[in-house]
Amino acid sequence: PARGFFVINVVCGLAVAALLSLWLRHGVERLSVRLAAVTLFAGAWHGPIRYVHFNGGYVDPPFMLCVLLALVMLQGMRQQARPWQVAALTALTIAGTFIRETMLLVPASALFMGNPIRRATPPVEWLRRMRWFLLIPITAGIVVIAFTHSVVIADTTRSFLAAARQWIRKPPPAYALAWFTAYGPVLALLAFDWRQVVADLRERQHLLSFLGLCTVLAFFGGSDTERFVFWAMPVVYLLIGRSFERNIGLLKSAALGVSFVVAQAVSARIFWSITDPRLETVPLATGAGVID
């Protein structure tokens, strides 16, 4: 069984990398920038491409594949949603929710796909503009969760509410550091270009909602914060790619460009192996010998 999970995760990881390039075409024009973003994804130490070799049984790769498929599908539904598209999204939501309950984040965020929140517009109008037909896949996902909880005996001590109570004291600086650990120094580019980043999210309110929900769940979800914030990678890499295109002149300096690449590689632990999570202790070499 472990070998089967490993093979599935490797295939899904490669599919996610290919699909990410397709997803980025909706906002990033330069092929080189899209490939750079896919390279950042592939180099992430906790991402599906690398981490699967140290934890072959985790479920993030197929979950990320479902999320990206749904986002690509939603891109074609921004102007008009046909019945077959809603049916396909519902089927994909059902499949993704069987893998991980957080698949519900995608159709829930898609309620804002029509950018309903606008200035000088009353909240009642916001509600009218929301894509209420997406309650169909949301309801289907809720039914899946109820079904799985009825047939599977779960350890209630590891429920989401238990984790939220445990991690409500997570230090904000450590949480902020987790984002830079997950994505690397490239996030500084978004801080530098924050006005345009805000404008991009305002024009894609469903992506803003997805990013916000991932941000909240990553804080309360448990100790694997870097892995949780990486669920938002389709939106984060899209913002990074668009920001990179707008500020590509900043990296024309050879010194700055090389420094950036080295810093990103160090952050992604390209020059080091990833610790096997099955080890309870990590041996540390010291001058006096080896200690646990």
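## Rings and sulfurs

There are 13 aromatic pairs in this structure. Take Phe-219 and Phe-220: their ring centres are 5.0 Å apart and their planes sit at 80 degrees, so this pair is edge-to-face. To pair, rings of Phe, Tyr and Trp (its six-membered ring) need centres within 6.5 Å; planes under 30 degrees apart are stacked, over 60 edge-to-face, and the rest tilted. Phe-271 and Trp-272 also make an edge-to-face pair, with 6.1 Å between centres and 80 degrees between planes.

The model is predicted, so local features need pLDDT of at least 70 and side-chain atom pairs count only at pLDDT 80 or more, while totals for chains, interfaces and linings use all residues. Residues are numbered from 1 along each chain as its sequence is written, and side-chain values use heavy atoms, leaving out hydrogens and water.

Ring pairs also link a cluster, with Phe-41, Tyr-175 and Trp-179 among its members. Phe-219 belongs to that cluster, and the charged end of Lys-170 sits over its ring, 5.8 Å from the centre. That label needs NZ of Lys or CZ of Arg within 6 Å of the ring centre and within 35 degrees of the ring normal.

How buried or exposed are some of these residues? Buried means under 20% relative accessible area, exposed over 50%, and partly exposed in between (1.4 Å probe, protein chains only).

| Residue | Relative accessible area | Class |
|---|---|---|
| Phe-219 | 16% | buried |
| Phe-220 | 26% | partly exposed |
| Phe-271 | 56% | exposed |
| Cys-66 | 9% | buried |
| Cys-214 | 1% | buried |

What about disulfides (cysteine sulfur pairs within 2.5 Å)? The structure has 0 of them. The sulfur of Cys-66 is 7.7 Å from the closest cysteine sulfur, in Cys-12, which is too far for a bond.

Notes:
Disulfide = S-S within 2.5 Å.
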